[in-house]
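Let's walk through this model together, starting with the strands and ending with the side chains that gather inside.

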Amino acid sequence: WGAMRIDGDLGTGAWSTLTAAGTTENIPWPPLMRRQVMQELKASGIHWLVFRDGELISDDLIFRSKQWGITLAAYRDRCRLWHLD
């Protein structure tokens, strides 16, 4: 979920854009990746997340909350408060 531009030095010492347009590919996440992300957040002292419906990975959190290792704690005004299990 982002854009990337690749710049490079072609030997002249000046940087120039090599490619500004990229391609995207939807690939499945590796097994347990969602749970590992939550474990890293918990190790950093983060135990709560807030996402508004429709942004970033909110749909994935809703439909795969068990894989993420999170529990919905509250919902209001299209915002969801998640607790990391």
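In what order do the three strands of the open sheet lie, and is their pairing parallel or antiparallel? In this predicted model, the order is 3-5-4, and the pairing is antiparallel. Strand 3 (48–52) and strand 4 (70–76) are the edge strands; each has a single partner strand, so one side of each lacks a neighbour in the sheet. From one strand to the next, the twist averages 25°.

Take a look at how strand 4 meets strand 5 (residues 79–84): six bridges join the two in the antiparallel sense. Within this part of the sheet, Thr 71 sits opposite His 83 of strand 5. Helix 1 (residues 33–43) packs on the sheet and touches strand 3, strand 4 and strand 5. The direction of helix 1 makes about 80° with that of strand 5.

Now for the interior. Nonpolar side chains tend to be buried together in soluble globular proteins. Here, the largest nonpolar core has nine residues: Met 38, Leu 49, Phe 51, Ile 57, Leu 61, Trp 68, Ile 70, Trp 82 and Leu 84. Strand 3 and strand 5 are the elements that give two or more residues to this core.

One more pairing remains. Strand 1 (residues 6–9) and strand 2 (residues 15–19) are antiparallel and share four bridges, with Asp 9 partnered by Trp 15 in strand 2. Five residues lie between the strands of this hairpin, where Gly 11 takes a positive phi near 100°.

Note on methods: Residues numbered from 1 in each chain as written. Predicted model: local features only at pLDDT ≥ 70, side-chain atom pairs only at ≥ 80, totals over all residues. Heavy atoms only, no water. Pairing = 2+ DSSP bridges. Axes fitted to C-alpha atoms, helices over the stretch in contact; angles between N-to-C directions. Contact = heavy atoms within 4.5 Å. Core = buried A, V, L, I, M, F, W, Y, C linked by side-chain atoms within 4.5 Å. Buried < 20%, exposed > 50% of the residue type's maximum accessible area, 1.4 Å probe, protein only.
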